[in-house]
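Work through the two exercises below with the sequence and the model in view. Each task is followed by a solution in steps.

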Number of protein chains: 2
Amino acid sequence: MIDYSSGVPVTRQVADAIRADINSGRYRPGAWLPSETQLTQIYEVGRDTVRDALALLRAEGRITTVRKRGSRVVDKPSREPYSVPSGARAVTRMPTPEERRDLATPEELREFGGVPEGVPVFEVAPGPRMHRRILRGDRVELIFGDPQDTD
Amino acid sequence: MIDYSSGVPVTRQVADAIRADINSGRYRPGAWLPSETQLTQIYEVGRDTVRDALALLRAEGRITTVRKRGSRVVDKPSREPYSVPSGARAVTRMPTPEERRDLATPEELREFGGVPEGVPVFEVAPGPRMHRRILRGDRVELIFGDPQDTD
DNA sequence: CATCATTTGTCCGTATGTATT
DNA sequence: AAATACATACGGACAAATGAT
């Protein structure tokens, strides 16, 4: 399973394996992953490696981890349209810790201390002199101009 | 420095401290951070904690880590305008491993195996029936409509 | 209410391959 | 060439919180 002579970091190989098992449906959205110690046995690597691999998947937004509970596969997000007018500009980036706190639901704040890892934000300037708005990247879809006829 | 009784994970406290030192200019963009073992002494925590904190900062896109070399502070990206027409739609998310490979420069491919962690992507659909385009979130700024008069 | 097993978080010792000096 | 520094990876251990019994 793991190729130590390939040069590709073991951490990434394990992350790839877990990700493949998520994509294949072996680990389903909303379900808990096997525990870290179980994953060490499944993929036959040390716990450091498993933990680093899980950190990679968290950074990708594929899983979330709750202390003393475990890691679970995140559901595919459903995004709502957000219309922006002509002349608007938008960038995307990872949120600051403050933004992660501000954008989180109470439940997320309790479980993760903020918006989960791996969730980028939109920074939208609707107009040249209008205030920037920070939007959760997993909740909105930007629509430029006329919002109808969107299919 | 570290408050073990606050309930907030030590990992996050260390990440906050390093991030503050980056924001204050103590660690400058492009410069190497102290090594992991040095960081354990500076912030007086174990290696695992330092490594987890660095993983957090990587996920935020604040640092990159090269194997056997160290971690360095990333420069603030300069984004180029990318015009989108009326009716266009855009979402943001973290890239898949394939996208990370495809969007990376040869140098990034060599050093990180792809686009660095913490870089989201735009998924832009210029029109109802037009093919989606994947854009690096750290390189472009979406502009709706006329690209001039952008200040 | 009390107890116990499970889980993640954290610390440590050790070894290794690679890059730099 | 040799030595040093570094991140990566393995293993063991303990603590604190959670959930089930």
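**Exercise 1: the surface near the DNA**

DNA strand C is surrounded by 20 residues, the closest being A:Arg47, B:Val10, B:Thr11, B:Asp48 and B:Thr49; a residue is near a strand if one of its heavy atoms lies within 4 Å of it. Of the atoms of DNA strand C that come within 4 Å of the protein, 57% belong to sugar and phosphate. This is a predicted model, in which local features need pLDDT of at least 70, side-chain atom pairs count only at pLDDT 80 or more, and totals for chains, interfaces and linings use all residues. Residues are numbered from 1 along each chain, chains are lettered from A in the order in which they are written, and side-chain values use heavy atoms, without hydrogens and water.

**Exercise 2: a strand in chain B**

Task: Find which strands pair with S7(B), and in which sense.

Step 1. Strand S7 of chain B covers residues 140-144; strands are DSSP runs (E, at least two residues), numbered from the N terminus.
Step 2. Strand S4 (residues 89-93) of chain A pairs with S7(B) in the antiparallel sense over two bridges; pairing requires at least two DSSP bridges.
Step 3. Strand S3 (residues 80-84) of chain B pairs with S7(B) in the parallel sense, over five bridges.

Conventions
Buried means under 20% relative accessible area, exposed over 50%, partly exposed in between (1.4 Å probe, protein chains only). Helices (H or I, at least four residues) and strands (E, at least two) are DSSP runs, numbered from the N terminus.
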